[in-house]
Amino acid sequence: MVSENDLLIEVKDLRKEFKVLKKNPGLAGALRSLFSRNYQIIEAIKDISFSIHQGELVGYVGPNGAGKSTTIKILCGILFPTSGIIKVAGFTPSIDRRKFAMKLGVMFGQRTQLWWDLPVSESFDLLKSIYKIEINAYRKNLEFFNDIFGLSEFWGQPVRRLSLGQRVRADLAAALIHDPNVLLLDEPTIGLDVLARSRFRELIKMVNREKKTTILLTSHDLGDIEMIVHRLILIDKGAVKYDGTLKKFLKDYGGQKNLLINFSSPPRIVRLPAGAEILNLKDNFLEIKIDTAHISYHDLLKVLPKWGNVIDIQLESDSLETILSDLYKK
Ligand SMILES: Nc1ncnc2c1ncn2[C@@H]1O[C@H](COP(=O)(O)OP(=O)(O)OP(=O)(O)O)[C@@H](O)[C@H]1O
Ligand SMILES: [Mg+2]
């Protein structure tokens, strides 16, 4: 049973407007803009509500400019909301900043939170003082993160000399060193190679499992989302378009399904239902594509025995990537 106390992130009727200076085109226009203060309102977040419970691992996705980073910045208190209620780990981020920082870990893939010229070790010493981490807890955590992130490999190096993969590992350990209840990640795998990426995914899952950290993650790498999260929140133009399990999303929005059917002898296809298309027919094997807008998987299953004796069926669904790129186009 989930109780109200388990609610770690609560966003209700969130709105965020940016007031930006309207620029006139050209140099003469730029000069004119200096004198006539014409402002333009950008509605980055129109209306977003969601709640996340303790221990959840949620993917926050949407096209460029949808409002993901803005939401993350509001959740960690960097930006103030225009209106709406925000609670993270029991705090209102823009008000209770100091106490709240203890409960929160944040990581932005594009820039480091560490001290550029300091060795990694000194950055961590600073974090220890800032968060007032007790020495035993600090040692234990360093050991834990060294085991999974291999920090010792670059412990004495200044941050500016780290490779991207090393920097991401250091940043992630830094975001987690004080055992935060909530971890916010904005495009953490940007620029990582295949190996580092898959390692990162394992780390995130492990931290969520072992430390029960509640995690909200944005990523344009849909492999990250498919491999890591259970729940998906899809936003577009500052509003929530889907909030539910990843499994249900793939089921409801996955339009195309390919089926590979193995019959005991070459099938005799009598009547192909509308919405089904034969991709390949060879000996006992039949490969069919179905458009779920016209025919359901279950309806097709009823037809198959009429064509022959079915031994095995394999189902291949659209990937999250195909589904989302179709949705973004619409
Ligand atoms: N500081 C700012 N001042 C003015 N407009 C802003 C500011 N920050 C964001 N915006 C605008 O708000 C909208 C949402 O931006 P946001 O960075 O949240 O998008 P995003 O979903 O993170 O996109 P991406 O996938 O490209 O990172 C965009 O139209 C952006 O131009
Ligand atoms: Mg962003």
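How far apart are the mean positions of the positive and negative charges of the protein? They are 5 Å apart, for 47 positive and 39 negative charges. Here Lys and Arg count as positive and Asp and Glu as negative, leaving out His and the chain ends, and each charge is placed at NZ of Lys, CZ of Arg, CG of Asp or CD of Glu.

## Ground rules

This is a predicted model, where local features need pLDDT of at least 70 and side-chain atom pairs count only at pLDDT 80 or more, while totals for chains, interfaces and linings use all residues. Residues are numbered from 1 along each chain as its sequence is written, chains are lettered from A and ligands numbered from 1 in the order in which they are written, and side-chain values use heavy atoms, with hydrogens and water left out.

## Overall build

The protein has 11 helices and 13 strands, taken as DSSP runs numbered from the N terminus (helices: H or I, at least four residues; strands: E, at least two). Its C-alpha trace spans about 75 × 60 × 45 Å along the principal axes.

Of the 330 residues, 43% are buried, as in under 20% relative accessible area with a 1.4 Å probe, protein chains only. As for contacts (heavy atoms within 4.5 Å), take those with a separation of 6 or more: 68% of them link residues 24 or more positions apart.

## Strand β7

Pairing calls for at least two DSSP bridges between strands. β7 runs parallel to β6 (residues 182-186), with 5 bridges joining them, and it also pairs in the parallel sense with β3 (residues 57-61), over 3 bridges. L217 in β7 has L185 opposite, and G59 stands opposite L217 too.

## Around T71

What about T71? This residue sits in helix α2 (residues 68-75) and is buried, at a relative accessible area of 1%. Setting aside residues up to four places away in sequence, T71 touches L14, I45, I48, F50 and Y60. Y60 is 11 residues from T71 along the chain, and their C-alpha atoms are separated by 9.7 Å.

Conventions. Buried means under 20% relative accessible area, exposed over 50%, partly exposed in between (1.4 Å probe, protein chains only).
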